[in-house]
Amino acid sequence: DHMKYFENAVIVEFPLRGEWMAPTTPAKKIPSHGTDQLGERFAYDFLQVDWESGDKPFYNTNRAQYLFFGVPLKDCYCWGKEVYAPCDGEIVKAENGYEERQRAHWISDSLIALKNAYSFDPVKDGIQSVAGNYVIMKCSSNVYAAFAHLQNGSIAVSAGQTVKTGDILGKVGHSGNSTSPHLHFQLMDSSNLLSAKGIPCAFERYEVYQNGGWKTVYNGVPSDKDRIRFIK
C-alpha cells in the first residue's frame, strides 16, 4: 500500500483557501506526476472546479469555447487566487517575470506538456520553462517547499525573506508547463530542483465534503476524488 509512505509525512498547513480538488495527488499514485525529476515524487496539483456541473469544468464558460478557442485566464476559477506559506520559514528563491499564455487551451497546453515530457533539458531550457513563476522556501533544515506556475507579477516575497505560516507568497497562475491555471505544490529535501528528492507531505487540517456535509480531516492526504476546503 503506497500510503505507507505517509506514516512519517511532514505535516504543513494547507497552502490555499476555499474549495479545491487535487487532480494529481500522491494518494492516487507515486510518483504523482509520473516522474521523480525536479523533486516531484510526492507533488500535488490543486485546481478549482464547478462541482455542480457534470464534468467539473475549471472554467465558467461553455465547453465548446474551451475546446475550440480556449478560455481567457480570468474565466478560470482559480486563476489569481492567493497562495499562502504552509509553515514558518525562509524564502530561498522567488522567480518572477515568466509570461503566462493568455488563454487556457487544451491543444497548446497539451503540446507544451508533451514537449516537456519528452525533451525537457533543465540546463538548456531553464527551470522556468517548466515551473513558470515559482517560489521555493526552506521550512526546516532538510525540508523545502516549492510552489509553481504562479501568476506573472504576483510573487509577493523575495529571496532571503523570513515568512510566517499564512503569509501570502503569490497567486495561482498559468505559467510554464501548466495545462490549466493551478497550483503545483511539493515538499523536497533540497532547494536545488535538479537534485532534490520529493518528501511525503500531509495537511494538518482541511475539510472534505461527504454525504451533504463537511467533515474535518487531520493530517490528511487528499485523494483525486475529494472535494476539499480550508478556511483558516
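User: What counts as a strand here, and where does Gln186 lie?

Analyst: Strands (E, at least two residues) and helices (H or I, at least four) are DSSP runs, numbered from the N terminus. Gln186 lies in strand β12, residues 183–188. This is a predicted model: local features need pLDDT of at least 70, side-chain atom pairs count only at pLDDT 80 or more, and totals for chains, interfaces and linings use all residues. Residues are numbered from 1 along each chain as its sequence is written, and side-chain values use heavy atoms, with hydrogens and water left out.

User: Is Gln186 buried or exposed?

Analyst: Buried means under 20% relative accessible area, exposed over 50%, partly exposed in between (1.4 Å probe, protein chains only). Gln186 has 2% relative accessibility, so Gln186 counts as buried.

User: How many disulfides does the structure hold?

Analyst: A disulfide is a covalent bond between the sulfur atoms of two cysteines. The cut-off is a pair of cysteine sulfur atoms within 2.5 Å. The structure holds zero.

User: Which residues have the most contacts inside the largest nonpolar core?

Analyst: In soluble globular proteins, nonpolar side chains tend to be buried together. A nonpolar core is a set of buried Ala, Val, Leu, Ile, Met, Phe, Trp, Tyr and Cys residues joined through side-chain atoms within 4.5 Å. The largest has 51 residues, and Phe46, Met137, Phe147, Leu183, Phe185 and Phe203 have the most contacts inside it. Strand β14 (201–210) gives the most to this core, with five residues.
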